[in-house]
Amino acid sequence: MTSAEIVLVGVDGCKAGWIAVRRTPGMAPSVAVVASFTALLASLPDDAVIAVDMPIGLPEFSSKGGRGPEALVRPLLGARQSSVFSIPSRAALYADTNDFTIIEAWYAAHIRASEVAKTTSDPPRGVSIQAFGIFAKIREIDALLIARPDLRGRVFESHPELAFCRLNGDQAMQLPKKIKGSINPAGMAERKALLCRHGYDMRFLDQPPPRGAAADDFLDAAAMMLIAGRIASGEARPFPDPPARDRFGIPVAIWA
């Protein structure tokens with residue numbers, strides 16, 4: 001079966017859960033927000049290929065630069081390399097799995113996770129607040145891939161800035177998507193133009209993102225869908241190649 005015959009899905013985390021850009025053979029792409037990754041999987045055929053902007057495969061111990069994939073892709077991204085977070089140990093990710101209803105509890109959990117991260121890394125390193133913010137989503141996918149080994153050949157980790165770089169002939173994007181936390185229109189325009197060169201219609205990309213997702217989440221998911229196509233067709237490359245494995249046998253690589 002070729003990439004033109006299967007459902008391709010690009011996914012990014014967003015405020016309301018996950019934003020997914022989907023291409024069904026013979027149809028225009030569509031975009032939707034779903035509350036959980038399990039719900040997303042339930043809406044897809046069993047042979048759909050999914051590329052997601054979320055770390056997959058967790059280390060027991062974190063070395064300088066992260067798990068390995070992060071250190072390999074950063075040098076390719078020039079000024080965009082700060083967008084690649086280092087992922088701490090599995091123990092740090094699971095240090096506190098509560099749902100937080102008050103901000104003080106959230107900050108306390110961040111401190112606990114940082115303490116565990118420092119004891120399971122060399123050199124000792126805590127957890128950034130940005131990385132901690134996606135811990136629940138990392139665990140959501142991790143739990144699914146532990147419970148369902150069949151998903152490991154269908155759900156692949158990618159990274160938007162690496163995706164844009166690879167889609168741009170291995171040239172990193174010139175402009176940031178955000179400046180000081182706010183959308184940078186010029187950086188968004190640069191990425192939309194690249195996505196259109198790879199087959200998207202600008203009217204699709206210019207639509208407001210679904211409720212619960214931001215404009216940059218939408219573009220990132222759109223780029224992830226193109227990487228799903230590259231994976232399905234055998235064009236994508238994993239970093240590292242071949243992928244490493246975590247202690248559950250889950251592949252550890254960023255694909256693009």
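The model is predicted: local features need pLDDT of at least 70, side-chain atom pairs count only at pLDDT 80 or more, and totals for chains, interfaces and linings use all residues. Residues are numbered from 1 along each chain as its sequence is written, and side-chain values use heavy atoms, with hydrogens and water left out. Helices (H or I, at least four residues) and strands (E, at least two) are DSSP runs, numbered from the N terminus.

**Backbone features**

- Strand β10 also holds Pro 242, which a cis peptide bond joins to Asp 241, with omega about 5 degrees.
- Most residues other than glycine have a negative phi, and most peptide bonds are trans.
- Asp 170, in the loop between α7 and β8, has a positive phi near 65 degrees although it is a residue other than glycine.
- Asp 170 counts as partly exposed because its relative accessibility is 44%; the class lies between buried (under 20% relative accessible area) and exposed (over 50%), with a 1.4 Å probe and protein chains only.
- Lys 180, in the loop between β8 and β9 (182-183), has a positive phi near 50 degrees and is likewise a residue other than glycine.
- At 85% relative accessibility, Lys 180 counts as exposed.

- The whole structure has 17 salt bridges, each being a side-chain nitrogen of Lys or Arg within 4 Å of a carboxyl oxygen of Asp or Glu.
- Side chains of opposite charge can pair when their charged atoms come close.
- Asp 246 pairs with Arg 90 in a salt bridge, with the closest N and O atoms 2.8 Å apart.
- This pair links distant parts of the chain, 156 residues apart: Asp 246 is in the loop between β10 and β11, and Arg 90 is in helix α3 (residues 90-93).
- Both Asp 246 and Arg 90 are buried, and the relative accessible area of Asp 246 is 9%.
- A network of salt bridges links Asp 246 and Arg 90 with Glu 60, Asp 142 and Arg 247.
- The side chain of Asp 246 also reaches two backbone nitrogens, that of Phe 248 at 2.9 Å and that of Leu 58 at 3.3 Å.
- Such a polar contact is a pair of N or O atoms within 3.5 Å; within protein, one must be able to donate a hydrogen and the other to accept it, and residues adjacent in sequence count only if both atoms are side-chain atoms.
- Not counting residues up to four places away in sequence, Asp 246 touches Gly 57, Leu 58, Arg 90, Asp 142 and Val 252, where contact means heavy atoms within 4.5 Å.

- Eight of the eight residues of helix α7 (residues 160-167) are buried, so the helix is largely enclosed by the rest of the structure.
- The cover over these buried residues includes β4 (49-53), α2 (69-73), α8 (185-197), α10, β10 and β11.
- Glu 161 forms a salt bridge with Arg 191, and the closest N and O atoms are 3.1 Å apart.
- Glu 161 lies in helix α7 and Arg 191 in helix α8, so the pair ties together parts that are 30 residues apart in sequence.
- Arg 191 is buried at a relative accessible area of 0%, and Glu 161 counts as buried at 4% relative accessibility.
- Just after α7, Gly 169 takes a positive phi of about 65 degrees.
- Asn 168, in the loop between α7 and β8 (178-179), counts as partly exposed at 23% relative accessibility.
- Leaving aside neighbours within four places in sequence, Asn 168 is in contact with Met 173, Leu 194 and Arg 197.

**Helix α10**

- The 19 residues of helix α10 (residues 215-233) should span 27 Å at 1.5 Å a residue, and the end C-alpha atoms are 28 Å apart, which agrees; the expected span is 1.5 Å times one less than the number of residues.
- Helix α10 is mostly covered, with 16 of its 19 residues buried.
- Just after α10, Gly 234 takes a positive phi of about 85 degrees.

**Another buried pair**

- The side chains of Glu 70 and Arg 67 meet in a salt bridge (2.9 Å, N to O).
- Glu 70 counts as buried at 2% relative accessibility, and Arg 67 counts as buried at 16%.
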